[in-house]
Amino acid sequence: MTAAPEAGARAAGRGLQGTPLSATLSLMMSQCCRKIKDTVQKLASDHKDIHSSVSRVGKAIDRNFDSEICGIVSDAVWDAREQQQQILQMAIVEHLYQQGMLSVAEELCQESTLNVDLDFKQPFLELNRILEALHEQDLGPALEWAVSHRQRLLELNSSLEFKLHRLHFIRLLAGGPEKQLEALSYARHFQPFARLHQREIQVMMGSLVYLRLGLEKSPYCHLLDNSHWAEICETFTRDACSLLGLSVESPLSVSFASGCVALPVLMNIKAVVDQRQCTGVWSHKDELPIEIELGMKCWYHSVFACPILRQQTSDSNPPIKLICGHVISRDALNKLINGGKLKCPYCPMEQNPADGKRIIF
Ligand SMILES: [Zn+2]
């Protein structure tokens, strides 16, 4: 495309060579040259501005980006790479399912040839379907789910079903006097909850008095508050997750958030370890060199540190309760066995090591 006009221009140039330019043409040419010069100058100065901003961004990234971050990860973490990669992919897929990004999760499964069975997906699919309906203020699927899981929800002390019925009732109230009869007949759904939610049921019944006047102008206007919908989504997610044995927050986002808190601390430690040349201090694969405070939000379960070996117990080295009641780790117990007998390091009770019982927190 560009070759033809260029060739044409060259031919024209040869043809005009030696011919003096007319005054008008020369004026036009010089104007044109000036214009081009100005434009080029403007472009150059604009580029300078952009360039300085870009280089500032680059410097800011360099300042905040630590390339030495690999140093705090033990190489062993990447052993058996394929397996590790699958675990990571699985965590991402689970996160996507949990966030309701089903199509993205499916795509990732396909691309990574990850085999996710239906039993794993099913709870997420169901939760998302119900939550989507709730976001559109459709209580049907959530109520159906709550009724079919009533017994287990009661065991969890959940008031989900009551809250769903209450929301349905409030919606009827918002319909005005013509919905009065329907609301009254719906109120029988509260009967099983009369003992636990007496006060709330009284409030709802009291609101019926103001139905003709309009609920929004009554002391019960708070019943129409939109926050009830946000609250029901939260209650549903929390209770359904605990009933299905899922975590409310995705494990990946919790790990990521914890990592963001822990990383700067670990990098400081690494710097200190390197400076003092005391390598080998941090050798345990499953253990951090220091305790890192992640806040109450990240408290999930108790941990036990062996009083003898001063190590946190793990699945492979669990806490063992001796018959005298003292608790030590299995590694410590094995080290303390002498001639087939064990002497408790606290009360010197002698016992058979096989009598120790594993404790699960
Ligand atoms: Zn003892």
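These legends accompany close-up views of a predicted model. Local features need pLDDT of at least 70 and side-chain atom pairs count only at pLDDT 80 or more, while totals for chains, interfaces and linings use all residues. Residues are numbered from 1 along each chain as its sequence is written, and side-chain values use heavy atoms, leaving out hydrogens and water.

View 1. Helices here are DSSP runs (H or I, at least four residues), numbered from the N terminus. Of the 15 residues of α8, 12 are buried, so the helix is largely enclosed by the rest of the structure; buried means under 20% relative accessible area with a 1.4 Å probe, protein chains only. Among the buried residues are L160, F162, L164 and F169. Their cover includes α5 (118-135), α6 (140-148) and α11 (227-244).

**View 2. Where α5 packs on α6.** The two helices pack at about 130°, with axes 7 Å apart. That makes α5 oblique to α6 (neither under 35 degrees, over 145 nor 65 to 115); axes are lines fitted to C-alpha atoms over the stretch in contact, with angles from 0 to 180 degrees between N-to-C directions. Here E126, R129, I130, A133 and L134 of α5 meet P141, A142 and W145 of α6, contact meaning heavy atoms within 4.5 Å.

**View 3. The largest nonpolar core, with 47 residues.** Such a core is a set of buried Ala, Val, Leu, Ile, Met, Phe, Trp, Tyr and Cys residues joined through side-chain atoms within 4.5 Å. L134, W145 and F236 are among the residues with the most contacts inside this core. α8 gives the most to it, with eight residues.

Notes. Buried means under 20% relative accessible area, exposed over 50%, partly exposed in between (1.4 Å probe, protein chains only).
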